[in-house]
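Good morning, and thank you for coming. Please look at the sequence and the model on the screen while I take you through them.

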Amino acid sequence: MPSILSISGVSKTYATGFTALKEVNLDIQRGEIFALLGPNGAGKTTLISIVCGIVNRSSGTVTVDGHDINKDYRAARGLIGLVPQELTIDAFESVWATVNYSRGLFGKPANHGFVEKVLRDLSLWDKKDAKAITLSGGMKRRLMIAKALSHEPRILFLDEPTAGVDVELRQDMWAMVRRLREDGVTIILTTHYIEEAEAMADRVGVINRGEIILVENKAELMRKLGRKRLVLELRNPLTAIPEALSRYALELSPDGGQLTYTYDNQAERPGVASLMRDLEAGGIQFRDIDTQNSSLEEIFVNLVRREL
Amino acid sequence: MNLRAVWAIYRMEMARAFRTVLQSIVSPVISTSLYFVVFGSAIGSRITEIDGISYGAFIVPGLIMLSLLTQSISNASFAIYFPKFVGSIYELLSAPVSYLEIVIAYVGGAATKSIILGLIILATASLFVPLTILHPFWMLAFLVLTAVTFSLFGFIIGIWAKSFEQLQLVPLLIITPLTFLGGSFYSINMLPEVWRTITLFNPVVYLISGFRWSFYGKSDVSVGVSLGMTVVFLLICITIVAWIFRTGYRLRN
């Protein structure tokens with residue numbers, strides 16, 4: 001599938017000398033949901049800001065659907081909708097005025113029917129005459145999304161969209177993201193909530209200290225994720241793994257008191273039941289049992305830590 | 001040209017003016033009326049005429065310029081500083097809008113507001129003193145040129161300012177003194193020789209002088225020089241704005 005967004009060799013060094021991005025290369029596929037994960041200060045927002053035209057890059061090229069973001073900025077920016085992390089709205093404008101303003105800013109002809117649909121989809125229609133300053137935090141977040149969607153973008157950036165958002169809004173937002181994806185909109189989101197990336201994304205990228213350190217299909221990651229560990233605390237320590245259990249690829253702790261079985265919990269036959277039977281048949285007794293799940297979070301934390 | 005964007009910004013700016021009608025229109029009208037009461041009546045009773053013009057009528061062009069300069073600067077500087085301050089500038093920077101369109105929209109909005117204000121002050125003044133406008137075309141030309149030039153200047157201040165204090169600094173410390181010393185309330189020919197020479201370095205003198213000429217056909221300096229100085233200042237502002245946008249100064253860095 002051709003990529004809709006292509007970032008190539010992009011670096012950014014601020015006037016203070018701080019290097020926020022180092023030679024970032026990233027391709028986003030048309031119609032996918034891409035989750036960009038990274039700790040605070042990793043460069044997520046800088047990368048989004050460069051693509052959207054808010055911050056100038058120091059080097060590299062960015063094309064949006066084949067349009068260079070500098071040479072052909074009108075075509076490039078017209079395709080993008082951005083929901084920034086901070087709730088930054090002109091507080092004294094009404095919901096209706098500010099959403100229509102956003103549509104005009106992107107050069108689209110007035111379409112009150114479409115704006116009404118966006119507001120209704122985001123449960124904002126009842127508030128259309130309210131000033132932004134009177135809205136709750138969650139409503140303001142919805143308004144930011146409505147503004148970003150007002151010009152019918154083909155790529156939507158959601159920068160930490162669920163930070164500080166209640167459960168109801170979070171669910172509404174993900175339902176909306178799914179609807180947009182069904183309409184062919186490409187979605188790039190940054191998040192701290194790794195379970196959201198797990199639930200929503202087609203692909204996941206990890207950025208740390210201004211470098212992309214991993215880009216992988218979620219299905220592939222889930223395969224890695226799917227590995228589970230079963231730890232058995234033995235009643236009587238073993239000196240070696242018995243021959244009868246060799247097919248399980250077990251690990252014995254140095255003191256012989258712990259047996260660890262790593263398996264794919266998504267496999268049809270993970271082998272746990274047969275291991276239990278074989279342990280009993282071999283007369284190996286255990287006093288405790290524990291299972292551990294390797295999560296995306298664990299992978300993420302390990303990746304980031306390795307970088308430090 | 002993204003005319004829809006220009007229109008969207010312009011309309012938003014005008015809506016802001018009407019929403020804050022008390023601050024935008026009413027308060028300058030009140031303060032101008034007070035100038036009339038204080039300067040026109042108190043000083044006017046001692047100075048009857050300047051260049052054959054009654055003192056009350058003489059100060060009208062200066063008063064309009066005073067409001068035009070300060071309002072153009074404050075309208076434009078606030079219009080671009082506020083989105084920077086609250087962060088909503090992200091939307092403008094991420095929109096398919098050229099720098100020229102941004103300037104046209106913001107400066108156009110600020111200039112329109114101050115021109116409307118200038119005309120309101122003119123109408124208010126006509127209630128106090130009999131007015132004649134000998135050169136209405138040039139009167140409007142000076143009005144528009146000055147409003148646009150100082151709205152551009154305000155736009156530059158709004159981009160440069162990092163705090164509300166800085167936003168107020170230039171109008172307060174530079175523009176207001178220059179306007180008061182620029183012959184709003186007197187003819188510079190009334191000053192001693194030394195001060196008259198010093199005053200000629202004040203660009204506001206040329207604006208007020210040219211504007212007053214369009215009313216009464218009398219000026220402190222020649223009209224050509226007035227027009228030339230206004231255009232020079234306009235070009236300086238355009239050059240600075242072009243540089244700001246080329247480098248992304250305090251916007252995209």
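**An enclosed helix in chain A**

I begin with helix α1 (residues 44-52) of chain A, where nine of the nine residues are buried, so this helix is largely enclosed by the rest of the structure. A residue is called buried if 20 or more other C-beta atoms lie within 10 Å of its own, exposed if 12 or fewer do, and partly exposed in between, with C-beta atoms placed from the backbone. Helices (H or I, at least four residues) and strands (E, at least two) are DSSP runs, numbered from the N terminus. Among the buried residues of α1(A) are A:K44, A:L47, A:I50 and A:C52. The helix is followed by A:G53, which has a positive phi, near 90°.

A word on the source. This is a predicted model, in which local features need pLDDT of at least 70 and side-chain atom pairs count only at pLDDT 80 or more, while totals for chains, interfaces and linings use all residues. Residues are numbered from 1 along each chain as its sequence is written, and chains are lettered from A and ligands numbered from 1 in the order in which they are written.

Let us now consider chain A as a whole. It has 10 helices and 14 strands. Its radius of gyration is 25 Å, well over the 19 Å that the globule rule gives for 308 residues, so chain A is more spread out than a compact globule. This radius is taken over C-alpha atoms, and the rule is 2.2 Å times the number of residues to the power 0.38. Along its principal axes, the C-alpha trace of chain A spans about 80 × 45 × 35 Å. The domain assignment of chain A gives domain 1 (3-223) and domain 2 (227-294), and the C-alpha centres of these two domains lie 46 Å apart. Such bounds come from an automatic or database domain assignment.

Is A:R170 buried or partly exposed? A:R170 is partly exposed, because 16 other C-beta atoms lie within 10 Å. This residue is found in helix α6 (residues 167-182) of chain A.

I turn to chain B, which has 10 helices and two strands. With 253 residues, a compact globule would have a radius of gyration near 18 Å, and the 19 Å of chain B agrees with that. Of the residues of chain B, 44% count as buried.

Helix α3 (residues 55-86) of chain B has 32 residues and reaches 46 Å from its first C-alpha to its last, close to the 46 Å expected at 1.5 Å a residue. The expected span is 1.5 Å times one less than the number of residues. Where does α3(B) bend? The bend, of about 30°, is at B:P61; it is the angle between axes fitted to the seven residues ending there and the seven starting there. Just after α3(B), B:G87 takes a positive phi of about 95°.

Finally, the two chains meet. In all, 28 residues of chain A are in contact with 21 residues of chain B, contact requiring C-beta atoms, placed from the backbone, to lie within 7 Å. On the side of chain A that touches chain B, α3(A) gives the most, with five residues.

Methods: Two residues are in contact if their C-beta atoms, placed from the backbone, lie within 7 Å.
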